[in-house]
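Please keep the sequence and the structure in view while reading.

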Amino acid sequence: RKVVKNIGQENVPPVRAHIIGNVPIIHPSKPRQATSPTSAHSPGDDIRRYTTRLSHAEQESNVGIGAYFQRSTTDPLGLEVKSLLKGSPAYSDGRIQVGDIIMSVEGQSTYNRGLAPLASLLLGPPGTDVELCFKSRRSGGLYKVCLTRGVPREA
């Protein structure tokens with residue numbers, strides 16, 4: 001996992017990120033002291049990343065629901081489910097479908113917000129409950145689910 005900070009965007013908080021397969025998982029993070037810069041792209045790019053190692057306790061302190069989100073392809077102000085991790089709380093519940101738009105987390109609107117604020121609402125200690133409201137891609141209706149945060153279980 002890394003703390004990533006783009007040069008020229010000092011007012012943007014750094015984020016912890018790691019990759020599972022080819023899917024980036026982004027977690028909000030408090031600023032940490034950075035180590036030496038490393039080039040993120042080919043020479044000539046003006047973006048540099050600073051990385052630091054996180055302790056095992058920091059890596060395991062917060063978990064989500066096992067759903068990946070992206071900017072909606074049908075609603076420019078919404079964030080939609082991109083994919084569900086097999087065996088995760090979101091997958092096991094069975095109601096959440098790819099393309100559904102997340103409307104709120106614990107009563108706080110996620111509509112017209114970014115992915116980082118969504119991540120900060122979704123992540124929490126393992127075993128804690130979180131209430132979510134979605135707009136169905138198929139019916140257009142709203143539905144609520146209450147999930148327990150956790151890591152995916154083998155199916």
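## Terms and confidence

Two residues are in contact when heavy atoms of theirs lie within 4.5 Å of each other. The model described here is predicted, and the average pLDDT of the protein is 74, with 61% of the residues scoring at least 70. Among the elements of the protein, the highest mean pLDDT, 98, belongs to strand 8 (residues 101-105), and the lowest, 27, to strand 5 (residues 48-50).

Two stretches call for caution. Over residues 1-24 pLDDT stays under 50, and the model has 57 contacts beyond four places in sequence for this stretch. Over residues 26-56 pLDDT likewise stays under 50, and here the model has 59 contacts beyond four places in sequence. Where pLDDT is low, the predicted coordinates should not be read in detail.

## Ala67 and Ala90

Ala67 belongs to strand 6 (residues 67-71). Its relative accessible area is 15%, so Ala67 counts as buried. Apart from neighbours within four places in sequence, Ala67 is in contact with Ser83, Leu84 and Ala90. Ala67 and Leu85 are 18 residues apart along the chain, and their C-alpha atoms are separated by 6.2 Å.

Which element holds Ala90? Ala90 is placed in helix 2 (residues 89-93). Ala90 is buried because its relative accessible area is 0%. When residues up to four places away in sequence are not counted, Ala90 touches Ile65, Gly66, Ala67, Leu84, Ile96 and Leu147. A separation of 9.0 Å lies between the C-alpha atoms of Ala90 and Thr148, which are 58 residues apart along the chain.

Ser72 is located in the loop between strand 6 and strand 7. With a relative accessible area of 9%, Ser72 is buried. A polar atom of the Ser72 side chain lies 3.0 Å from the backbone nitrogen of Asp75. Leaving out neighbours within four places in sequence, the contacts of Ser72 are Gly78, Leu79, Glu80 and Ile101.

Glu80, one of these contacts of Ser72, is located in strand 7 (residues 79-84). The side chain of Glu80 does reach the backbone nitrogen of Thr73, at 3.3 Å. Beyond its neighbours within four places in sequence, Glu80 is in contact with residues including Tyr68, Phe69, Gln70, Arg71, Ser72 and Thr73, and also with Gly99, Asp100 and Ile101.

## The salt bridge

The structure holds one salt bridge. Which side chains form the salt bridge? The side chains of Asp93 and Arg95 meet in it, with 2.8 Å from N to O.

Both partners have some accessible area. Asp93 has a relative accessible area of 25% and therefore counts as partly exposed. Arg95, at 42%, is likewise partly exposed.

## The aromatic pair

A pair of aromatic rings is described by the distance of the centres and the angle of the planes. The count of aromatic pairs comes to one. In this pair Phe134 and Tyr143 are stacked, with 5.6 Å centre to centre and 20° between the planes. The pair counts as stacked because planes under 30 degrees apart meet that description.

Are the two partners buried or exposed? Phe134 is buried, with 0% relative accessibility, and Tyr143 is buried as well, with a relative accessible area of 17%.

## Two loop residues with positive phi

Glu106 is found in the loop between strand 8 and strand 9 (108-109). The phi of Glu106 is near 50°, a positive value in a residue other than glycine. At 45% relative accessibility, Glu106 is partly exposed.

Asn112 lies in the loop between strand 9 and helix 3 (115-122). Although Asn112 is not a glycine, its phi is positive, at about 65°. Is Asn112 buried or exposed? Its relative accessible area is 51%, so Asn112 counts as exposed.

Key:
Residues are numbered from 1 along each chain as its sequence is written. This is a predicted model: local features need pLDDT of at least 70, side-chain atom pairs count only at pLDDT 80 or more; totals for chains, interfaces and linings use all residues. Side-chain values use heavy atoms; hydrogens and water are left out. pLDDT is the predictor's confidence in each residue, from 0 to 100. Helices (H or I, at least four residues) and strands (E, at least two) are DSSP runs, numbered from the N terminus. Buried means under 20% relative accessible area, exposed over 50%, partly exposed in between (1.4 Å probe, protein chains only). A polar contact is a pair of N or O atoms within 3.5 Å; within protein, one must be able to donate a hydrogen and the other to accept it, and residues adjacent in sequence count only if both atoms are side-chain atoms. Rings of Phe, Tyr and Trp (its six-membered ring) pair if their centres lie within 6.5 Å; planes under 30 degrees apart count as stacked, over 60 as edge-to-face and the rest as tilted. A salt bridge is a side-chain nitrogen of Lys or Arg within 4 Å of a carboxyl oxygen of Asp or Glu.
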